[in-house]
Amino acid sequence: MVTLKNTHLTLGNAEAPIKVEVFLNLACPYCASFFELVDGALLQYINENKVELIVKHYDKPREMLLPGTLINLNLDYSNPAKTLDNINSLFKEQETWDKLSSHGIKEYIENNYGLKEEEPNIDISLQVTAEAIKRGVKMVPTVFINDLEFQYPREIFSEELVQVLEQQLSKEKV
C-alpha cells in the first residue's frame, strides 16, 4: 500500500483497513458525480470504521477547472469536517457558480460559506499537485482504493464500488 500523504481532508477512522483516496476538482462534473457516492454507498463503510476517505483537491492546470482551483484557495483546511460539508454543498450547487467570473466566485463563496483566501492553501495545492504527478494522476476524478486505481474516463459506480470494497475487506479479513 502507498504511504498516505496530504491527508488534510479525511472522513472516517485513520485505522480503517481500506483507504479511499480521491483526487478531485470542485469544477469537475464527474467529480461531483463521484462525490454523490460518498453520501451513498461509501458513508456506511465510513461509519462502520471500515473505510477512511482522503480527499485531495487537485488544482490541475486546465481552463474548465480554474473555478475549482479558485475555491480551493479559500477552503478552511484547519476544519476538515466543515470543509468536507462545504465541498459536498459546492458540488451540489456546481451549476450555480461554475460559470461565474473569478470575482463572482469569490463573492459567492464568501457570502454563502464565509470563505476567504487561506494562505497555507497554496502550499497544500503544490503538495497535492506534486503527489498527483508522482502517482501519474492525469485526470480528475482519480480514485485509489488501497492499491487499486480508477482514473477517469474509467468511472466507478455505486455497485462496483461496493463490490471492490467488499473484496478489499475480505482480503483484510474484516
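1. A polar contact is taken here as a pair of N or O atoms within 3.5 Å, of which, within protein, one must be able to donate a hydrogen and the other to accept it. In this predicted model, such a contact of 2.5 Å joins the side chains of Ser125 and Asp59.

2. Ser125 is found in helix α6, which covers residues 121–134, and because its relative accessibility is 10%, Ser125 counts as buried. If its neighbours within four places in sequence are left aside, Ser125 is in contact with Asp59 and Asn72.

3. Helix α1 (residues 29–47) and helix α7 (residues 158–172) have axes that come within 10 Å and cross at roughly 20°, which means that α1 is roughly parallel to α7. The crossing of these two helices, α1 and α7, is right-handed.

4. On the α1 side of that contact are Leu37, Ala41, Leu42 and Tyr45, which meet Ser158, Leu161, Val162, Leu165, Glu166 and Leu169 in α7. Sorted by class, the contact of α1 with α7 has 8 nonpolar, 1 polar and 1 charged residues.

5. The axes of α1 and helix α3 (residues 80–92) likewise come within 10 Å, and they cross at roughly 130°, so α1 is oblique to α3. Here α1 passes α3 in a left-handed crossing.

6. In the contact of α1 with α3, Cys31, Ala32, Phe35 and Asp39 of α1 meet Leu84, Ile87, Asn88, Phe91 and Lys92 of α3, and the residues divide into 6 nonpolar, 1 polar and 2 charged.

Notes
Residues are numbered from 1 along each chain as its sequence is written. This is a predicted model: local features need pLDDT of at least 70, side-chain atom pairs count only at pLDDT 80 or more; totals for chains, interfaces and linings use all residues. Side-chain values use heavy atoms; hydrogens and water are left out. Axes are lines fitted to C-alpha atoms, for helices over the stretch in contact, and angles run from 0 to 180 degrees between N-to-C directions. Helices (H or I, at least four residues) and strands (E, at least two) are DSSP runs, numbered from the N terminus. Angles under 35 degrees count as roughly parallel, over 145 as roughly antiparallel, 65 to 115 as roughly perpendicular and the rest as oblique. A crossing is left-handed if the near helix is turned anticlockwise from the far one by less than a right angle, and right-handed if clockwise. Contact means heavy atoms within 4.5 Å. Ala, Val, Leu, Ile, Met, Phe, Trp, Tyr, Cys and Pro count as nonpolar, Asp, Glu, Lys and Arg as charged, and the others, Gly among them, as polar. Buried means under 20% relative accessible area, exposed over 50%, partly exposed in between (1.4 Å probe, protein chains only).
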